[in-house]
Amino acid sequence: MALNVVVVSGNVRIVDDEVFRDEVCTATLSGSAQLTSEGQPSELVEFSKGCGGEVRAELDLNCVRLDNGDVKINGEARLYEGTSENTGDLEDTKSLSYLVPKGRTITKTVKLRNTETFGGDTAKFTLTLVNIQAA
Ligand SMILES: [Ca+2]
Ligand SMILES: [Ca+2]
Ligand SMILES: [Ca+2]
C-alpha cells in the first residue's frame, strides 16, 4: 500500500494598519497528513491568528494523493478587518492550488491586502510543503 506523508510548515506576518503606529504580529504554523489512498482529501492545516484588535488572518489547506504519488494541495487564505479580531468583515481572499511532486519540497508565498478606504492591513504567509513518499 502506498503511503505519503505531507507536511506544511511556515509563518505569517500580519500588519494592522494604524494612523500613528502599525501593529505587527507574527506566528508560526504547521500541520501534517498521512495519505494512504488516491482521491481521498485530508485536512492538512486549519490556522487562524488575530492581530492588533481588528485584524485576523486565516489559512485552510487540504491535500489529496494522486495515483502517481504526487500530492495536490487546495485551500484558501483570508484576511479580515473590522471592529474586533473576531470580525466577519472579509477584506481579501485567495484560492490556493499547489502540486507537490513525489519526494519534493516546494515553498510558496501568499499575500493578502485590505484595499478598502483607510485599509492598508496586510498578511503574508510563507509556506514550505513537503511530500514524503513513505512506502
Ligand atoms: Ca487598524
Ligand atoms: Ca489596532
Ligand atoms: Ca473592514
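1. **What you are looking at.** This is a predicted model, in which local features need pLDDT of at least 70 and side-chain atom pairs count only at pLDDT 80 or more, while totals for chains, interfaces and linings use all residues. Residues are numbered from 1 along each chain as its sequence is written, and chains are lettered from A and ligands numbered from 1 in the order in which they are written.

2. **The overall layout.** The chain has 0 helices and 8 strands; here helices (H or I, at least four residues) and strands (E, at least two) are DSSP runs, numbered from the N terminus. Reading along the sequence gives the pattern β-β-β-β-β-β-β-β. Along the principal axes, the C-alpha atoms fill a box of roughly 55 × 20 × 20 Å.

3. Two strands pair if DSSP finds at least two bridges between them. Strand 5 and strand 6 run antiparallel and are joined by 10 bridges.

4. **A hairpin to trace.** Strand 1 and strand 2 form a hairpin, with 6 residues between them. Their antiparallel pairing extends over 13 bridges. Two places to look are Ser-9, bridged to Ser-30 in strand 2, and Val-7, bridged to Ser-32 in strand 2.

5. **The nonpolar core.** The largest nonpolar core has 25 residues, and those with the most contacts inside it are Leu-44, Leu-61, Cys-63, Ile-73 and Ala-123. Such a core is a set of buried Ala, Val, Leu, Ile, Met, Phe, Trp, Tyr and Cys residues joined through C-beta atoms within 7 Å. Two or more residues each come from strand 1, strand 2 (23-35), strand 3 (42-51), strand 4 (55-65), strand 5 (71-81) and strand 8. Leu-61 touches Val-8, Leu-44, Val-45, Ile-73, Gly-75 and Leu-96, not counting residues up to four places away in sequence; two residues are in contact if their C-beta atoms, placed from the backbone, lie within 7 Å. In soluble globular proteins, nonpolar side chains tend to be buried together.

6. **Burial and contacts overall.** Of the 135 residues, 29% count as buried. A residue is buried if 20 or more other C-beta atoms lie within 10 Å of its own, exposed if 12 or fewer, and partly exposed in between, with C-beta atoms placed from the backbone. Among contacts between residues at least 6 apart in sequence, 54% join residues at least 24 apart.

7. Val-15 lies in strand 1 (residues 4-16) and is partly exposed, with 19 other C-beta atoms within 10 Å. Setting aside residues up to four places away in sequence, Val-15 touches Asp-22, Val-24, Asp-121 and Thr-122. Glu-58, in strand 4, counts as partly exposed because it has 19 C-beta neighbours inside 10 Å. Apart from neighbours within four places in sequence, Glu-58 is in contact with Phe-47, Ser-48, Ala-77 and Arg-78.

8. **A backbone angle to check.** Phe-118 has a positive phi of about 65° although it is not a glycine. Most residues other than glycine have a negative phi. Phe-118 lies in the loop between strand 7 (105-113) and strand 8 (122-133). Is Phe-118 buried or exposed? With 9 C-beta neighbours inside 10 Å, Phe-118 counts as exposed.
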